[in-house]
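Please examine the sequence and the structure shown below.

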Amino acid sequence: MNTKTVLIPGVAGFLGQRIALEFMRRGWEVAGMDVVEAPNAPAGIRYRRLALPDPALFDFIQEVQPAACVHCAGRASVPLSVSDPAADFHDAVPVTFALLDALRRAAPKCRTVLLSSAAVYGNPLRLPVSEDQPTAPLSPYGFHKLLGEILADEFTRLYALPTAVVRIFSAYGPGLRRQVVWDICERVLTSGTLRLHGTGEESRDFIHADDIASALATVVERAPFQAERYNLGSGQETTIRALACTLLDALGVNLEPEFDGSVRAGDPRNWCANITAVTALGYAPSITLESGLRTVAAWASAKLTSQS
Ligand SMILES: NC(=O)c1ccc[n+]([C@@H]2O[C@H](COP(=O)([O-])OP(=O)(O)OC[C@H]3O[C@@H](n4cnc5c(N)ncnc54)[C@H](O)[C@@H]3O)[C@@H](O)[C@H]2O)c1
């Protein structure tokens, strides 16, 4: 049997690297592209340095003939999308269009997964949030992710390109130097204090990057690819106060977290994913928040200590 190839745009990023390793573990060849130099991408992959959109993408796709594509190239920051919506739009919409159009022309049967976000829901009507709840983004990031989802609909309905959309909740794991888990580690380890935005009662559904990689490989191998949507989280709601306490424990620091009561633009209040659809494909989360945070605490301690 010929080995199948998965194409991963954004392969040098936080999720792209983990996803590449998971596909390699499952016996796939990996072809990746990113804007960075090759040494930053995982070893053992066929790598092309490309800043999308680029006409060379068509040739690369024709050359590698991917059976699947997991689109990880893009931005992943709500605050940056608020301060620079044009840059966020560019990476979410024209880049996604260029990829889908190149796949339509060069590999029209490629099973293509778009990495969307829970940000498309805004403040959900009910928890846990299921895929059929209305979308109501609160940030440019959420609006632009929704536009990317509409592009997936377009290419599946009009050109029969097989697509699926995965709405990721709050990703975390070693290597991610942004968002609340990293912010807590950095503040605690560099200043010895912890004061955070909000009330502490805001909640998120945290999912470890290795569970995301495993879920995405399961989607690629088992989903129908009719432009359907999948929520991807742990299915567990965790308040930011509980997250902070568990992480402080993992860091071995005895501290009470403080909250300033403020509300940040673009931030929804509570999230928890209904993950029935993705688990029906055979995926099951395997990393508890406690054990996942221990790995982040060990990594962040090593990084922040070696910098000082
Ligand atoms: N990390 C999260 O919490 C999270 C949650 C939901 C969805 N997502 C989505 O998953 C995807 C990957 O997120 P991440 O956390 O790995 O982000 P990341 O920033 O670590 O990685 C993105 C990668 O894409 C590359 N890239 C960006 N624009 C590009 C372009 N024009 N051409 C080629 N490469 C380009 C970057 O160089 C980077 O290596 C993003 O679309 C993000 O919106 C992430």
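The lining of the largest cavity consists of 7 nonpolar residues, 2 polar residues and 1 charged residue, where Ala, Val, Leu, Ile, Met, Phe, Trp, Tyr, Cys and Pro count as nonpolar, Asp, Glu, Lys and Arg as charged, and the others, Gly among them, as polar. The model is predicted, so that local features need pLDDT of at least 70 and side-chain atom pairs count only at pLDDT 80 or more, while totals for chains, interfaces and linings use all residues. Residues are numbered from 1 along each chain as its sequence is written, and side-chain values use heavy atoms, with hydrogens and water left out.

**The cavity**

- The count comes to 1 cavity of 30 Å³ or more; a cavity is a set of points, on a 1 Å grid over the protein atoms alone, where a 1.4 Å probe fits but cannot get out.
- The largest cavity holds about 60 Å³ of space, a volume being the space filled by probe spheres set on the points, which are joined across faces, edges and corners.
- Its lining residues (an atom within 4 Å of a point) include Tyr172, Gly173, Gln179, Trp182 and Trp299.
- At least two lining residues come from each of β7 (170–172), α7 (179–191) and α11 (289–307); helices (H or I, at least four residues) and strands (E, at least two) are DSSP runs, numbered from the N terminus.
- Helix α7 contributes the most to this lining, with 3 residues.

**The ligand surroundings**

- Among the 27 residues around the ligand, those that come nearest are Asp34, Arg75, Tyr141, Lys145 and Arg178, a residue being near if one of its heavy atoms lies within 4 Å.
- An oxygen atom of the ligand lies 2.7 Å from a backbone N or O atom of Arg75.
- A polar backbone atom of Leu52 is 2.9 Å from a nitrogen atom of the ligand.
- In the side chain of Gln179, an N or O atom is 3.4 Å from an oxygen atom of the ligand.

- His208 belongs to strand β10 (residues 206–208) and counts as buried because its relative accessibility is 5%, the limit being under 20% relative accessible area with a 1.4 Å probe and protein chains only.
- Beyond its neighbours within four places in sequence, His208 is in contact (heavy atoms within 4.5 Å) with residues including Arg18, Tyr172 and Gly173.
- Val219 lies in helix α8 (residues 209–222) and is buried, at 1% relative accessibility.
- Val219 and Val35 are 184 residues apart in sequence and 26 Å apart in space, C-alpha to C-alpha.

Methods
Buried means under 20% relative accessible area, exposed over 50%, partly exposed in between (1.4 Å probe, protein chains only). On a 1 Å grid over the protein atoms alone, a cavity is a set of points where a 1.4 Å probe fits but cannot get out, and a pocket is an open set with protein on both sides within 12 Å along at least five of seven lines; lining residues have an atom within 4 Å of a point. A polar contact is a pair of N or O atoms within 3.5 Å; within protein, one must be able to donate a hydrogen and the other to accept it, and residues adjacent in sequence count only if both atoms are side-chain atoms.
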